Structure formats: structure tokens, C-alpha cells
Amino acid sequence: MNILILNGPNLNMLGLREPEIYGNNTYQDLENYLKGLESVYHITTDIKQSNLEGIMIDILHYANDRFDGVILNAGAFTHYSYALYDAIKSISIPVVEVHLSDINNREDFRKISVIKDACVASFMGLGFQSYEEGIKELLKRMK
């Protein structure tokens, strides 16, 4: 299984941004963690990050014919990007929404996910393990 892992705005700032919420691990630590899961689950991953909504949409479109599924941490775009919602709906591969923190226990605006209904599942509040749960969900769906 070939999985795209797409991270949105400010995730490149892990380890620096609000460590009381996101911890001290860096984005490189996240990438290393995800690459380590390849041998555990017998998958390949391509990890991308962008702070730009349009680039994320282009990457999702590109993924449609090249990957078996997507793990998407849309960051703040989760809460207002109907364009990302439309991009997810426009592709035929499954997309799993993930978040490091539990968005339901954050600021009121973060409790809303406009992309949730376009995704096949959501995992949050488990730190890096949210991504692993997303991978397991995609594997389950591919059986």
C-alpha cells in the first residue's frame, strides 16, 4: 500500500509552536516516526507539508491516481476550508483526517471540522499515534 501523508499549515513548526499542546517533538521527529511505520505495516509513504491551501489541493488531486489512500492533517484549514473539502470529495481514494491534539478540547473554532464528512475516518488527540491509527484504518479498508 502506498500512502500519501499530507500535513498542513504550521506543522513544520512542531517542537517550537505551543509545546504545551504539541509537545517538544519536531517535524523531523514526526517524519522519522512515520517512516519507521513503513516496515511495521509493510507500506510506503510519501510525506508532504504545505502552508498553502492551493498547494494542498493540488497535492490531493495529484494523489488520486498515484496513491492508495491519504492521511491528512489539514491544520487550521480543517476549520474553514471548504475548498479542501471539495478536493477530498473530488478524488476517489480514501482520506483519513488526523490531528495531534484533540480539537474537541481546544478553542471553540477548532471544534468544527468542515472536512470531516468528506473523510472516511478521523483520529485525534493521540499525538503521532493519530497517524498510525489512520494508517491502520486505511489498511483495514483495503482488505
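A pocket here is an open set of grid points with protein on both sides within 12 Å along at least five of seven lines. In this predicted model, the largest pocket holds about 150 Å³ of space. It is lined by 15 residues, and those closest to its centre are Tyr22, Asn73, Gly75, His99 and Arg110.

Next come the aromatic rings. A pair of aromatic rings is described by how far apart the centres are and by the angle of the planes. Searching the whole structure turns up two such pairs. One of them joins Tyr33 and Phe128, with ring centres 5.5 Å apart and planes at 45°, so this pair counts as tilted. Tyr33 sits in helix H2 (residues 27–41), while Phe128 belongs to the loop between strand E5 (121–124) and helix H5 (129–142), so the pair ties together parts that are 95 residues apart in sequence. Tyr33, at 26%, is partly exposed.

The other pair brings together Phe77 and Tyr80. Their ring centres lie 5.9 Å apart and their planes stand at 75°; angles over 60 degrees count as edge-to-face, so that is the label this pair gets. Phe77 is buried, with a relative accessibility of 6%, whereas Tyr80 is partly exposed, with a relative accessible area of 48%.

Conventions:
Residues are numbered from 1 along each chain as its sequence is written. This is a predicted model: local features need pLDDT of at least 70, side-chain atom pairs count only at pLDDT 80 or more; totals for chains, interfaces and linings use all residues. Side-chain values use heavy atoms; hydrogens and water are left out. Rings of Phe, Tyr and Trp (its six-membered ring) pair if their centres lie within 6.5 Å; planes under 30 degrees apart count as stacked, over 60 as edge-to-face and the rest as tilted. Helices (H or I, at least four residues) and strands (E, at least two) are DSSP runs, numbered from the N terminus. Buried means under 20% relative accessible area, exposed over 50%, partly exposed in between (1.4 Å probe, protein chains only). On a 1 Å grid over the protein atoms alone, a cavity is a set of points where a 1.4 Å probe fits but cannot get out, and a pocket is an open set with protein on both sides within 12 Å along at least five of seven lines; lining residues have an atom within 4 Å of a point. Grid points are joined across faces, edges and corners, and a volume is the space filled by probe spheres set on the points.
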